[in-house]
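Dear colleague,

Please find below the structure that I am handing over to you. My notes on what was found in it follow directly after.

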Amino acid sequence: LFDKPYYRWVFGDSDGLSGLVVDRFDSTVVVQISTAGMEAMKEAVVRAIQRLAHPEAIILKNDGKMRKVEGLDTYVEQAHGAEVSLLEVEENSVRFEVPLEGGQKTGWFYDHRMNRARLQAYAPGKRVLDVFSYVGGWGIQAACAGAAQVTCVDSSAGAIDSVHHNARLNGLDNVETIEGDAFEALKALADEKEKFDVVVLDPPALIPRRRDQKAGEEAYARLNQLGLRLLERDGILVSASCSMHLSQEKLIDIIRGSGRKIDRFVQLLEQGHQAPDHPKRENALAKGIAPNSIEVSLRTLREELTERAVAQEIASYKLEHSYIGQAGKAFEPLVKPLGYDWKIGIAVLTSFAAREVFVGTLATIYSVGSDEEETIKKRMAAELDENGKPLFNLASGISLMLFYAFAMQCMSTLAIVK
């Protein structure tokens with residue numbers, strides 16, 4: 001879907017992985033888990049990411065509000081690799097650096113990628129106002145597309161600092177900022193008779209719960225009225241909503257009503273949607289779409305993170321936490337000096353019953369049928385140790401050969417010899 005490794009890799013229910021969001025920032029992967037079931041699977045998720053992408057760092061940014069509903073603690077944890085403080089993003093050929101600490105969600109909002117790309121067509125030579133700017137996703141891209149002047153508004157001092165940092169990162173000197181409440185800032189700009197050619201309104205969810213519906217719709221109405229007041233004649237309003245309780249049709253009605261209230265003629269030029277790395281889970285046949293087209297796009301997006309792969313990771317996780325897995329963990333300190341982990345340790349233990357059991361045990365551990373030899377090889381080749389290096393290499397192979405050359409025979413052979 002995208003030519004560079006900056007995208008949403010897993011999008012929860014839409015990708016069949018409820019409670020899991022995974023965003024990729026080149027060599028860094030940020031994971032956000034929001035359900036108790038997926039929390040229990042986090043080690044398997046980390047292993048799957050290591051196996052598929054081999055990132056330099058994996059971060060568990062589990063500080064979302066939904067975790068409290070599930071009775072889960074909030075935390076941010078470095079699950080793999082060196083510590084990361086800044087996330088690098090490249091979107092629509094524009095560079096950003098986002099602080100991990102204090103950042104919203106996973107650090108970036110990839111859902112507006114295509115919409116921000118469309119904004120660039122309207123920006124050249126224009127004066128642009130980016131409200132709820134965060135780190136400048138809309139405003140910086142507008143400036144890079146040739147906007148004459150950009151003003152970013154956000155209530156967070158850290159976000160404002162990031163806007164200036166990202167402006168410098170892209171060699172821009174026409175980006176200004178206003179730190180403060182968005183509604184108050186818009187009122188102040190209107191009082192000062194300021195006008196803009198393009199106004200972008202991308203607020204957080206103003207209707208967080210169903211019971212907030214009426215108050216939230218009124219907030220969207222006030223916000224869009226303020227935005228429309230600041231537009232020059234023939235100006236462009238970009239109005240967005242991430243409230244799940246506000247339908248697309250209702251948002252359009254609110255904007256239309258806001259225009260009538262302040263005596264402005266409003267035309268709908270375009271309707272944007274989430275980027276393709278934020279798919280909707282639909283009944284393909286009901287929509288008249290060939291089922292294969294959806295299957296192929298999801299398979300491409302997840303980079304082979306198929307249902308089978310997920311099932312394999314679940315089986316591996318269950319084995320690791322079973323009685324035999326716990327026994328392997330207890331046995332691991334004895335075999336670790338040989339370069340083995342608990343999985344190989346279990347296989348070595350079971351091989352004393354019969355040496356061929358070693359292969360069958362590893363096949364079970366890696367959740368692969370014992371008759372699929374080539375698949376076993378591939379999965380073993382992709383296995384990484386705690387330092388991110390291949391677990392099965394030439395040294396470990398020779399070590400196993402020497403072990404079985406000098407180790408005692410299996411119990412069945414000993415019984416026959418006796």
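Is α5 mostly covered or mostly uncovered? Helix α5 is mostly covered, with seven of its eight residues buried. Buried stands for under 20% relative accessible area, exposed for over 50%, and partly exposed for what falls in between, computed with a 1.4 Å probe on protein chains only. Helices (H or I, at least four residues) and strands (E, at least two) are DSSP runs numbered from the N terminus.

Before the details, some notes on the basis of the values. This is a predicted model, in which local features need pLDDT of at least 70 and side-chain atom pairs count only at pLDDT 80 or more, while totals for chains, interfaces and linings use all residues. Residues are numbered from 1 along each chain as its sequence is written, and side-chain values use heavy atoms, with hydrogens and water left out.

Confidence

The mean pLDDT of the protein is 82, and 81% of its residues reach 70 or more; pLDDT is the predictor's confidence in each residue, from 0 to 100. Residues 283–307 have a pLDDT below 50, and this stretch has 29 contacts in the model beyond near neighbours in sequence. A contact requires heavy atoms within 4.5 Å. Over residues 368–374 the pLDDT also stays under 50, and the model has eight contacts for them beyond four places in sequence.

The parallel sheet and its surroundings

An open sheet of five strands has the order β10-β9-β8-β11-β12, with parallel pairing. Two strands pair if DSSP finds at least two bridges between them. At the edges are β10 (175–179) and β12, each of which pairs on one side only. On average, neighbouring strands of this sheet are turned by 20 degrees against each other, direction ignored. For such angles, axes are lines fitted to C-alpha atoms, for helices over the stretch in contact, and the values run from 0 to 180 degrees between N-to-C directions.

Strand β8 (residues 127–131) runs parallel to β9 and is joined to it by five bridges; Val-131 has Val-153 in β9 as its bridge partner. Strands β11 and β12 likewise pair in the parallel sense over five bridges, with Leu-237 in β12 as the bridge partner of Val-199.

Six of the six residues of β9 are buried, so this strand is largely enclosed by the rest of the structure. Gln-149, Thr-151 and Val-153 point one way from β9, and Val-150, Cys-152 and Asp-154 point the other way. Helix α6 lies across β9 and β10, running at about 175 degrees to β10.

The nonpolar cores

The largest nonpolar core has 35 residues, and those with the most contacts inside it are Trp-108, Ile-140, Val-150 and Val-175. Such a core is a set of buried Ala, Val, Leu, Ile, Met, Phe, Trp, Tyr and Cys residues joined through side-chain atoms within 4.5 Å. Its largest share, four residues, comes from α5. Among the buried residues of α5 are Trp-138, Ile-140 and Ala-142, whereas Cys-144 is partly exposed, with a relative accessible area of 35%. After α5 comes Gly-146, whose phi is positive, near 110 degrees.

Not counting residues up to four places away in sequence, Val-150 touches Val-128, Gly-139, Ala-142, Ala-143, Asn-174, Val-175 and Glu-176. A second, separate core of 27 residues includes Ala-182, Leu-201, Tyr-220 and Ala-221.

Asn-224 lies in helix α8 (residues 213–229) and is buried, at 0% relative accessible area. Leaving aside neighbours within four places in sequence, Asn-224 is in contact with Leu-201, Leu-237, Ser-239, Ile-254, Ile-255 and Ser-258.

The mixed sheet

Another open sheet of five strands has the order β1-β2-β3-β4-β5, with mixed pairing. Strands β1 (6–11) and β5 (75–81) stand at its edges with a single partner strand each, so one side of each is left without a neighbour in the sheet. Strand β1 pairs with β2 (residues 20–25) in the antiparallel sense over five bridges, and Arg-8 stands opposite Asp-23 in β2. Helix α2 (residues 42–53) lies across β1, β2, β3 (28–33), β4 (57–62) and β5, at about 145 degrees to β4.

How many disulfides does a search of the whole structure find? The search finds zero, a disulfide being a pair of cysteine sulfur atoms within 2.5 Å.

Yours sincerely
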